[in-house]
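Take a look at the protein chain shown here.

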Amino acid sequence: MADRNRTHDRPRLRARHRAALLAVACALVAGCGGGESERAGHSPRPVERAPVNAAKPGLPGMPPLLDEHDLYAADRPGRLAPQVKDFPSRIYVPNTGSDTVSVIDPKTYKVIETIPVGVQPQHVVPSWDLKTLWVNNNRGHDLTPIDPATGKAGKPVKVHDPYNLYFTPNGKYAIVMASMDRQLVFRDPHTMEIRRTLRVNCGGVNHADFSPDGRYFIVSCEFSGELLKVDTEKMKIIGKEKLPFEGAMPQDVKISPDGKTWYIADMMADGIWILNGDTFAQPKLMPTGKGAHGLYVSRDSRYMYVSNRGEGSISRLDLRTGALVDKWHIRGGGSPDMGGLSTDGKVLWLSGRYNSEVYALDTRTGKTLAKIPVGQGPHGLAVYPQPGRYSLGHTGIFR
């Protein structure tokens, strides 16, 4: 009888044993029911999950940012990439009316060589891998490669209507701004063979810059006063808007160090448009000076220099406060257009589009250090080499 009772009690004992083990386990791990919060009449604490789309992945193959809060962290003074550190420091000036490139020694402020190139060279553009300078011969319909190690020009490569040239942040494609053709042409970054042609319904595509994650870029359309937003990977237009100014002519495009604000110079609105690239909402205009044209970020990422071509001045914008803090006038007047900063960031170099000269300005005082005679119609000059790990194109956008 006693044995029979013990046999019947075993299932109850095993059940009580399992319940005791479960209670211990629940006390050791979070998320089990019957805890203190539940006894107090509260729901159990929910299991924490990673927020959806918390961090958007970057463009595949793009080098990670050195500092997610500063897109220009790689552009600090003297921070030259290994492949360019032995290149001689030079200023390469495309003369649109002379079909030449003037080469300036920045130490002596003198032209040391004049290189014949194709018809109507517009910009000198560093390649993504920093090893080649491409001269955009717009009306000659070709690109002239220059070896920055030797300064020697190579055999031109046939490319139709190359007004300007950019590179995707992963180095996969070169993007030709075919202004008159109304096209963005994605090409092999080395051979320049066409990979895809994107037709755009706007006039005068000319300048651009890329989002922090590289997944889209903003393009200015000079002749129709419009902006485009383009998906980098899909090579597809995902946004288009008309600037709210009659006769607008947007020029250079540059993103802020924190990646939140875009600036677009407008030579007819005489200022810079301030845009949220993510929302692509209507931008606001900040007056800077007549004929606002080129945009350049200082080596410490604190200031942006705006060349006002129509009045011979440079405005200095404090990127932290969003306020204009200086305006420098070129000694004797001029027509400052496109250019770049010296390796140490102490000199701003700009072409004088209508004066057949190049300007060197002290970035601390705004003093005109030199005015150097060059060919006719100097345009998108490149200061080379410059700090940075890779080039996004134009006269030198480095990250």
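## How confident is the model?

This is a predicted model. The protein chain has an average pLDDT of 89. A score of at least 70 is reached by 86% of the residues.

Residues 1-55 need care. Their pLDDT stays under 50. For this stretch the model has 8 contacts beyond four places in sequence.

## The nonpolar cores

The largest nonpolar core holds 26 residues. Which members touch the most others? They are W262 and I272. The top contributor is β18, which gives 4 residues.

## A nonpolar patch outside

Some nonpolar residues sit on the surface. F245, M268 and L285 form a patch there. Together they have about 240 Å² of accessible area.

Take F245 from this group. It lies in the loop between β16 (236-242) and β17. Its relative accessibility is 33%, so F245 counts as partly exposed.

R389 belongs to the segment after β29 (382-384). Is R389 buried or partly exposed? Its relative accessible area is 29%, so R389 is partly exposed.

Now compare positions along the chain. R389 and P63 are 326 residues apart in sequence. Yet their C-alpha atoms are separated by 8.9 Å. Leaving out residues up to four places away in sequence, R389 touches P63, P64, L65, L66, A74, Q83, L130 and R399.

## Salt bridges

Side chains of opposite charge can pair when their charged atoms come close. How many salt bridges does the model have? The count comes to 16.

Start with R215 and E233. Their closest N and O atoms are 3.2 Å apart. R215 is in the loop between β13 (205-210) and β14, while E233 is in the loop between β15 (226-231) and β16, so this pair ties together parts 18 residues apart in sequence. R215 has 22% relative accessibility and counts as partly exposed. E233 is partly exposed too, with a relative accessible area of 43%.

Next come K240 and E226, whose side chains meet in a salt bridge at 3.6 Å, N to O. K240 lies in strand β16 and E226 in strand β15, so the pair ties together parts that are 14 residues apart in sequence. What about their exposure? K240 is partly exposed, with a relative accessible area of 39%. E226 has a relative accessible area of 12%, so E226 is buried.

Salt bridges that share partners join D188, E193 and R195 into one network. Within this group, the side chains of R195 and E193 meet in a salt bridge, with a distance of 3.6 Å from N to O. R195 has a relative accessibility of 46% and counts as partly exposed. E193 is also partly exposed, with a relative accessible area of 46%.

Notes:
Residues numbered from 1 in each chain as written. Predicted model: local features only at pLDDT ≥ 70, side-chain atom pairs only at ≥ 80, totals over all residues. Heavy atoms only, no water. Core = buried A, V, L, I, M, F, W, Y, C linked by side-chain atoms within 4.5 Å. Buried < 20%, exposed > 50% of the residue type's maximum accessible area, 1.4 Å probe, protein only. Helix = DSSP H or I, 4+ residues; strand = E, 2+ residues; numbered from the N terminus. pLDDT = per-residue confidence, 0-100. Contact = heavy atoms within 4.5 Å. Patch = residues over 30% accessible without salt bridge, like charges linked within 9 Å, V, L, I, M, F, W, Y side chains within 5 Å. Areas by Shrake-Rupley, 256 points an atom, 1.4 Å probe, with all protein chains shown as cover. Salt bridge = Lys/Arg side-chain N within 4 Å of Asp/Glu carboxyl O.
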